[in-house]
Amino acid sequence: MISLAKILFTLAAVFGVWSLFSLIRKGLSGGTRLSAAQRAAEAARRATEARMAGREAAPPPAEVELVRCTRCGTFVPRGQSCPCGHQPER
Ligand SMILES: [Zn+2]
């Protein structure tokens with residue numbers, strides 16, 4: 001049988017664990033130690049930044065003139081044959 005005391009004890013235990021964790025999190029937020037999720041997020045952010053920086057540093061791609069395939073309508077670079085096998089006009 002579940003008594004009121006048991007319910008209160010469970011709530012107190014949950015609250016205690018929760019406050020303990022929030023205290024630990026608060027204590028670590030200023031330090032260098034990060035949780036696995038925080039480290040993953042940081043790594044992802046850095047990877048994205050590196051990719052963005054690389055994209056900005058890279059020279060703009062050479063202009064490619066696209067021609068529309070007269071059979072299927074796909075745009076392919078001039079001089080290349082379409083994936084459908086049709087050779088667009090040059
Ligand atoms: Zn085609």
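V64 sits in the loop between α2 and β1. Because V64 has 11 C-beta neighbours inside 10 Å, this residue counts as exposed. V64 and V76 are 12 residues apart in sequence, and their C-alpha atoms are 9.2 Å apart in space.

This is a predicted model: local features need pLDDT of at least 70, side-chain atom pairs count only at pLDDT 80 or more, and totals for chains, interfaces and linings use all residues. Residues are numbered from 1 along each chain as its sequence is written.

The protein has two helices and two strands. Their order along the sequence is α-α-β-β. Helices (H or I, at least four residues) and strands (E, at least two) are DSSP runs, numbered from the N terminus.

The UniProt annotation "transmembrane region", from an unreviewed entry, covers residues 6-24. Such annotations may be inferred rather than shown by experiment. Residues 6-24 are 100% helix and 0% strand, and the end C-alpha atoms lie 27 Å apart.

Of the 90 residues in the protein, 1% are buried. Contacts (C-beta atoms within 7 Å, placed from the backbone) with a separation of 6 or more include 0% between residues 24 or more positions apart.

Confidence is given as pLDDT, the predictor's score for each residue from 0 to 100. The protein averages 84, and 83% of the residues score at least 70.

| Element | Residues | Mean pLDDT |
|---|---|---|
| helix α2 (lowest) | residues 36-57 | 86 |
| strand β1 (highest) | residues 66-68 | 90 |

Where pLDDT is low, the predicted coordinates should not be read in detail.

Key:
A residue is buried if 20 or more other C-beta atoms lie within 10 Å of its own, exposed if 12 or fewer, and partly exposed in between; C-beta atoms are placed from the backbone. Two residues are in contact if their C-beta atoms, placed from the backbone, lie within 7 Å.
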